[in-house]
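Hi everyone, thanks for making time. I'd like to walk you through a structure that may be new to you, so please have a look at it with me.

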Amino acid sequence: MSDLDLLTQSLARNVKRWRTERGFTLDALAARAGVSRGMLIQIEQARTNPSIGTVVKIGDALGISITTLLDYEQGPKVRVVPADQAVRLWHTEAGSYNRLLAGTEAPGPLEMWDWRLMPGDRSPSDPHPTGTVELVHVTTGELTLTVDGVPHVVPAGASATFEADTPHTYGNEGDVPLDMVMAVSVPPVR
């Protein structure tokens, strides 16, 4: 079984488990997440590999991290994620990518990401739930972080925090690859 098959099956089990635990019908989760009921059915039956954007929307609607959606076993209090088990969820042909390094529920979803953006690449993000905060630290290159239409330049060695409940885009307008680490904190579902 391939890694993609394992992820698809874990996602199927966990979407159904957390939807049931939250007391959401398929229609209720579809409305909260902004995805179709048919897509949720396909996900819960492990018949599709949804986009990262769809997985993020479902996680946000359920109030859980992507890590929790993709991992069906509750680990010990200390969980070490080997480098080869970081999950690459997005990439471009130019060589840009992001990897989910680790995540937990504390008390809402908390995720740590490793990003690479090649020159000229951009990655837009839909607004997350109210109260979501992101932190970025640029290690190489220069990030153009656009939040609610306003660009902010974050050079190598600098960090930024922002409220992520508005449209935002990570971009590399420079001529060298951009590397950054990002943490995302989503408030728990109430």
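Let's begin with the record: which residues does the UniProt annotation "domain: HTH cro/C1-type" cover? According to that unreviewed entry, residues 15–69. One thing to keep in mind is that this is a predicted model. In the model, the span 15–69 is 71% helix and 0% strand, and its end C-alpha atoms lie 7 Å apart.

Now let's look at helix 2, residues 26–33. Which of its residues are buried? They are Leu 26, Leu 29, Ala 30 and Ala 33. Looking down the axis of helix 2, you'd find these buried residues within an arc of 105 degrees, so they line one face of the helix. There's a general point behind that: an α-helix has 3.6 residues a turn, so residues three or four places apart point the same way. And what covers the buried residues of helix 2? The cover includes helix 1 (3–22), helix 3 (37–44) and helix 4 (52–62). After helix 2 comes Gly 34, and its phi is positive, near 75 degrees.

Okay, on to the strands. Take strand 10, residues 178–185. Strand 3, residues 109–117, runs antiparallel to strand 10, and eight bridges join the two. Within that pairing, Arg 116 sits opposite Asp 179 of strand 10. Strand 5, residues 133–140, also runs antiparallel to strand 10, joined by seven bridges. Here Val 136 has Met 182 in strand 10 as its bridge partner.

Last topic: aromatic rings. How many aromatic pairs are there? The count comes to two. In one of them, Trp 90 and Trp 115 are tilted, with 5.4 Å centre to centre and 45 degrees between the planes. This pair links distant parts of the chain, since Trp 90 is in strand 1 (residues 87–91) and Trp 115 is in strand 3, 25 residues apart. Trp 115 also pairs with Tyr 170, again tilted, at 4.9 Å centre to centre and 50 degrees between the planes. That link spans 55 residues, from Trp 115 in strand 3 to Tyr 170 in strand 9 (residues 168–171).

Put together, Trp 90, Trp 115 and Tyr 170 make up one aromatic cluster.

Conventions:
Residues are numbered from 1 along each chain as its sequence is written. This is a predicted model: local features need pLDDT of at least 70, side-chain atom pairs count only at pLDDT 80 or more; totals for chains, interfaces and linings use all residues. Side-chain values use heavy atoms; hydrogens and water are left out. Buried means under 20% relative accessible area, exposed over 50%, partly exposed in between (1.4 Å probe, protein chains only). Helices (H or I, at least four residues) and strands (E, at least two) are DSSP runs, numbered from the N terminus. The arc is that of the directions from the helix axis to the C-beta atoms. Contact means heavy atoms within 4.5 Å. UniProt positions are given in the numbering used here, feature names are shortened, and annotations may be inferred rather than shown by experiment. Two strands pair if DSSP finds at least two bridges between them. Rings of Phe, Tyr and Trp (its six-membered ring) pair if their centres lie within 6.5 Å; planes under 30 degrees apart count as stacked, over 60 as edge-to-face and the rest as tilted.
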